[in-house]
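Thanks for coming, everyone. Let me put the structure on the screen, and then I'll walk you through it.

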Amino acid sequence: MKPITIVGSTGSIGTQTLDIVSQYPDRFRVVGLSAGRNVELLARQIRQFRPEIAATCYPEKLPELREAIADLDNPPQLLAGETGVVEVARYGDAQSVVTGIVGCAGLLPTISAIQAGKDIALANKETLIAGGPVVLPLVQQYGVKLLPADSEHSAIFQCLQGVPDGGLRRIVLTASGGAFRDWSVERLASATIADALKHPNWSMGRKITIDSATMMNKGLEVIEAHYLFGLDYDRIDIVIHPQSIIHSLIELQDTSMLAQLGLPDMRLPLLYALSWPDRLYTDWEPLDLVKAASLTFKAPDRLKYPCLELAYAAGRAGGLMPAVLNAANERAVELFLEERIGFLDIPRAIEATCDRLSADNRSDPTLDDIIAADKLARETTRTVCETIARGSASIAVASPTS
């Protein structure tokens, strides 16, 4: 059995990974679990999968977790806080760590796991986006594998199997278009939180569902693809594909295109990241092309989705700017979900933050540089959003350049 650890076990990625463990009890064994505030679910997971170590991100939740599993004969070691999550990520004989924590909070646990020689099933895109200049050298130094576990990058990775070095010409990331793909630009001014959380194809957490509505998720995936597959930004494109059947494509040097198709199911990329290079049989519903009927595509409206241009600009700037972009987005989305800014204020706040901090960019940042930039970007975004909330901001979203 392959020993694995799951960082972020009570979220969407974590629960679906544990579904896979349940279906393949002879293939996978859980060594460690970490979670956030949902200690009730974490306690149930501990009872079912019996890890050796577990942690909650919030120290004040540790007594509740201890009480919830007090009757277990052989309870796991319990930890709390950021240091506890980091310890879980690097603990024991786990061969692979699934990183399912949302946002930049996954960066330190991922680095810790790499330094402990563990392969990474990467479901936390922000780790590579913010920390790519640090994470990639560590992957090479420690000789571990970094396997994408989100649908788009897994699709690219699957298509690349057997492609010779130098054979890749272009990457095409597919996007659902999110909750507002059929809305006009003008209508977005009245978008509510409830509207933005109505994803048409996927069931995801609140933050990433908002990212889908702004299409910042796709912009962040462009940066992640750059780090994962080594292509420059002019060779990474986006196309809206409402059916979410084709999960991404690659174009080869001879113009041939390869695509990975499947029903919208996050378990597929998670299973492949855990079982690679093997292909395990599943009893999941297969894709019926006749039932799917038609697959359609269109270019994203750059006026409607200004976050795309912001992501490409930050990616091309490199250095600290992807970390600044990511932190600004996380903070702006938090404030939107708290009803402190409007939907269209999200890209305005991100752009203003990136503009204010661009002069401090460093081309070869250290981990300390990245952490400091992340903190400063969040503080700057909060200040920007306070100005927006007072109605005295005149922050314009940049016009698209392409």
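One term before anything else: contact means heavy atoms within 4.5 Å. This is a predicted model, where local features need pLDDT of at least 70, side-chain atom pairs count only at pLDDT 80 or more, and totals for chains, interfaces and linings use all residues. Residues are numbered from 1 along each chain as its sequence is written, and side-chain values use heavy atoms, with hydrogens and water left out.

Two more terms. Helices (H or I, at least four residues) and strands (E, at least two) are DSSP runs, numbered from the N terminus. Buried means under 20% relative accessible area, exposed means over 50%, and partly exposed is in between, with a 1.4 Å probe and protein chains only.

Start with Gly84. It sits in helix H4. Its relative accessibility is 3%, so Gly84 counts as buried. Setting aside residues up to four places away in sequence, Gly84 touches Ala55 and Leu79. Pro63 is 21 residues from Gly84 along the chain, and their C-alpha atoms are separated by 14 Å.

Now the rest of H4, residues 81–90. Which of its residues are buried? They are Gly81, Gly84, Val85, Val86, Val88 and Ala89. The cover over them includes strands E1 (2–7), E2 (28–35), E3 (53–56), E4 (77–80) and E5 (96–99), plus helix H5 (107–115). After H4 comes Gly92, with a positive phi near 65°.

Strand E5 holds Ser96. Ser96 counts as buried because its relative accessibility is 2%. Leaving out neighbours within four places in sequence, Ser96 is in contact with Lys2, Pro3, Ile4, Thr5, Asp119, Ala121 and Leu274.

Next, the core. A nonpolar core is a set of buried Ala, Val, Leu, Ile, Met, Phe, Trp, Tyr and Cys residues joined through side-chain atoms within 4.5 Å. The largest one here has 123 residues. Ile171, Leu325 and Ile350 have the most contacts inside it. Which helix gives the largest share of this core? H14 does, with eleven residues. Take Leu325. Beyond its neighbours within four places in sequence, Leu325 is in contact with Met216, Leu220, Ile223, Leu310, Ala311, Ala314, Ile350 and Cys354.

On to helix packing. Two packed helices are described by the angle between their axes and the distance between the axes. Axes are lines fitted to C-alpha atoms, for helices over the stretch in contact, and angles run from 0 to 180 degrees between N-to-C directions.

First pair: H14 (residues 321–337) and H16 (residues 367–389) pack at about 40°, with axes 8 Å apart. That makes H14 oblique to H16. The classes are: under 35 degrees roughly parallel, over 145 roughly antiparallel, 65 to 115 roughly perpendicular, and the rest oblique. H14 passes H16 in a right-handed crossing. A crossing is right-handed if the near helix is turned clockwise from the far one by less than a right angle, and left-handed if anticlockwise. The residues of this H14 and H16 contact split into ten nonpolar, one polar and six charged. For those classes, Ala, Val, Leu, Ile, Met, Phe, Trp, Tyr, Cys and Pro count as nonpolar, Asp, Glu, Lys and Arg as charged, and the others, Gly among them, as polar.

The crossing of H14 and H15 is right-handed. On the H14 side, the contact residues include Leu325, Ala328 and Phe336, and on the H15 side they include Ile350 and Cys354. This contact has twelve nonpolar residues, two polar and no charged.

Between H15 (345–357) and H16 is a loop, and Asn361 is in it. Asn361 is partly exposed, with a relative accessible area of 26%. Apart from neighbours within four places in sequence, Asn361 is in contact with Ala317, Gly318, Gly319, Leu320 and Met321.

Last, backbone geometry. Most residues other than glycine have a negative phi, and most peptide bonds are trans. Where is the cis bond? It runs from Trp276 to Pro277, with omega near 10°. Pro277 is in the loop between H11 (267–275) and H12 (289–292). Arg50 has a positive phi, near 50°. Arg50 is partly exposed, at 47% relative accessible area. Ser244 has a positive phi too, near 55°. Ser244 is buried, at 5%.

Over to you.
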